[in-house]
Amino acid sequence: MTSIPFNKPSVGQRELDYVAECLRGGKHSGDGPFTRRCHEAFRAMGLGRTLLTTSCTDALEMTALLLDVGPGDEIILPSFTFVSSANAFALRGATLRFADSGIDDPNISPEAIEALITPRTKAIVVVHYAGVACDMDRIGDLARHHGIAIVEDAAQAIDSYHRGRPLGTIGDLGALSFHDTKNISSGEGGLLLVRDEAMQQRAEIIREKGTNRSAFFRGEVDKYGWVDVGSSFLPSDVLAAYLLAQLERIEEIQGRRRTIWDVYDRALASRVDAYGVRTARLPDWATNNAHMFYLVCADLPQRQRLIDGLRAAGISAASHYLSLHSSPYFHRFHDGRSLPNSDHYTDTIVRLPLFADLTDAQADQVATHVLDILSA
Ligand SMILES: *Cc1c(COP(=O)(O)O)cnc(C)c1O
């Protein structure tokens, strides 16, 4: 019987070579030569000022520190997201105001954001679900009008754009992930993107335990000491070596992912609506980075049938987020508003296997099973 996992990291000879080179080189802690080369590669990709972090979760925690978020501050964010988008701000004692997703896609709805803005709103956190850009024109207008910061959780959004601008570079701060479920990976890893130069200097300090050690290593000061709050957010250069290889292979990896995405789209997009199922919608401002191929089922029982049926055929498909506003931790703090679109995506989204080493034939096979199960 076939066995198709949901995800599998793509590791080539270059990853092995760079990791070996790093280990033999003797500089294994953070901000070594491989980290520097990653920062240069990100700059060449148009991502501007960046800092490699141990995870996207950590990059998001850094955004909360950089914005001086604290008790009394309100943060507007989607309910349909990963816990890290919320934890970063909950950890600082902020009040979380969860906004609903849109009807067309799981991204946060600008109308829902607008309804939640108060004089205490400190930041809007947008999450580009499946690497598809949120409505950054309207959200940007709202933020400017009210003087509110934008944090982009662009964890899934490498190599994706809003009207030509890389996701993560549009807001005041952005965060990318290199967890091994993402398009390119270092196992665990992340990136902080900082638009403002002064904020970048502070970000360097926060990332190095609240010290000006980065300036010291550049020879700008002759001693380094404790100048701000901070933590240890920088990854080992061994992980940067792995990541650099992935960055150098990004076109190959993305090419494969896009091909597989197209196989699914051709096989399914026009056929699943007969069963009340639909594929993702792409707004005209957004690109598709083939992070995810998902279906929106008609209801929860149909999704369960699909996941169970695929599992019986040896294929791993996955549901996704559970609305955070009604989570076991948060429900007692939620203000009671219903968020029907977030709950709908909680019940109905199913993600199909998508990784660079998946063959076209396997993707075809998955699509055939999907149609067989839906029509049964
Ligand atoms: C993966 C993901 C994260 C967390 O990334 P890590 O690097 O694992 O910390 C945060 N937000 C979203 C939307 C994600 O998809």
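Tutor: We can start with a loop: Ile 184 lies between strand S8 (173-177) and strand S9 (190-194), where strands are DSSP runs of E with at least two residues and helices are runs of H or I with at least four residues, numbered from the N terminus. This is a predicted model, in which local features need pLDDT of at least 70 and side-chain atom pairs count only at pLDDT 80 or more, while totals for chains, interfaces and linings use all residues. Residues are numbered from 1 along each chain as its sequence is written, and side-chain values use heavy atoms, with hydrogens and water left out.

Student: Is Ile 184 buried or exposed?

Tutor: Buried means under 20% relative accessible area, exposed means over 50%, and partly exposed lies in between, with a 1.4 Å probe and protein chains only. The relative accessible area of Ile 184 is 1%, so this residue is buried.

Student: Which residues is Ile 184 in contact with, leaving aside its neighbours within four places in sequence?

Tutor: Contact means heavy atoms within 4.5 Å. With neighbours within four places in sequence set aside, the contacts of Ile 184 are Ile 158, Ser 177, Phe 178, His 179, Leu 243, Gln 246, Leu 247, Ile 250 and Ile 253.

Student: Which side chain of opposite charge is nearest to Asp 135?

Tutor: Asp 135 sits in the loop between strand S4 (121-127) and helix H6 (136-146), and not counting residues up to four places away in sequence, Asp 135 touches Pro 110 and Trp 285. For charge, Lys and Arg count as positive and Asp and Glu as negative, with His and the chain ends not counted; a salt bridge is a side-chain nitrogen of Lys or Arg within 4 Å of a carboxyl oxygen of Asp or Glu. Asp 135 is buried yet has no salt bridge, and at 4.1 Å the nearest side chain of opposite charge is Arg 138.

Student: How many salt bridges does the structure hold?

Tutor: One of them joins the side chains of Asp 31 and Arg 207, at 2.9 Å from N to O. That pair links distant parts of the chain, 176 residues apart, with Asp 31 in the loop between helix H1 (13-25) and helix H2 (33-44) and Arg 207 in helix H7 (residues 197-207). Asp 31 is partly exposed at 25% relative accessible area, whereas Arg 207 is buried at 1%. For the structure, the number of salt bridges is 24.

Student: Where do Arg 144 and Asp 141 lie?

Tutor: Their side chains meet in a salt bridge of 2.9 Å, N to O. Arg 144 counts as exposed at 62% relative accessibility, and Asp 141 as partly exposed at 46%. The two residues are three residues apart, about one turn of the helix, and both lie in helix H6.

Student: How many salt bridges are counted between domain 1 and domain 2?

Tutor: The domain bounds come from an automatic or database domain assignment, which gives domain 1 (13-248) and domain 2 (250-375). The contact between them takes 41 residues from domain 1 and 35 residues from domain 2, and the centres of the two domains, taken over C-alpha atoms, are separated by 25 Å. Between domain 1 and domain 2, the count of salt bridges is three.

Student: How much area do domain 1 and domain 2 bury between them?

Tutor: Buried area is the accessible area (1.4 Å probe) that two parts lose on being put together, summed over both. Of the area buried here, 54% is on carbon and sulfur atoms, and the total between domain 1 and domain 2 is about 3300 Å².

Student: Which three residues supply 20% of the area that domain 1 buries against domain 2?

Tutor: This share is more than any other three residues supply. The residues in question are Phe 80, Phe 98 and Asn 183.

Student: Which are the edge strands of the open sheet of three strands?

Tutor: The order in this sheet is S10-S11-S12, with antiparallel pairing, and two strands pair if DSSP finds at least two bridges between them. S10 and strand S11 (residues 294-296) pair over two bridges, with Arg 278 opposite Val 296 in S11. Each edge strand pairs on one side only, and the edge strands are strand S10 (278-279) and strand S12 (349-351).
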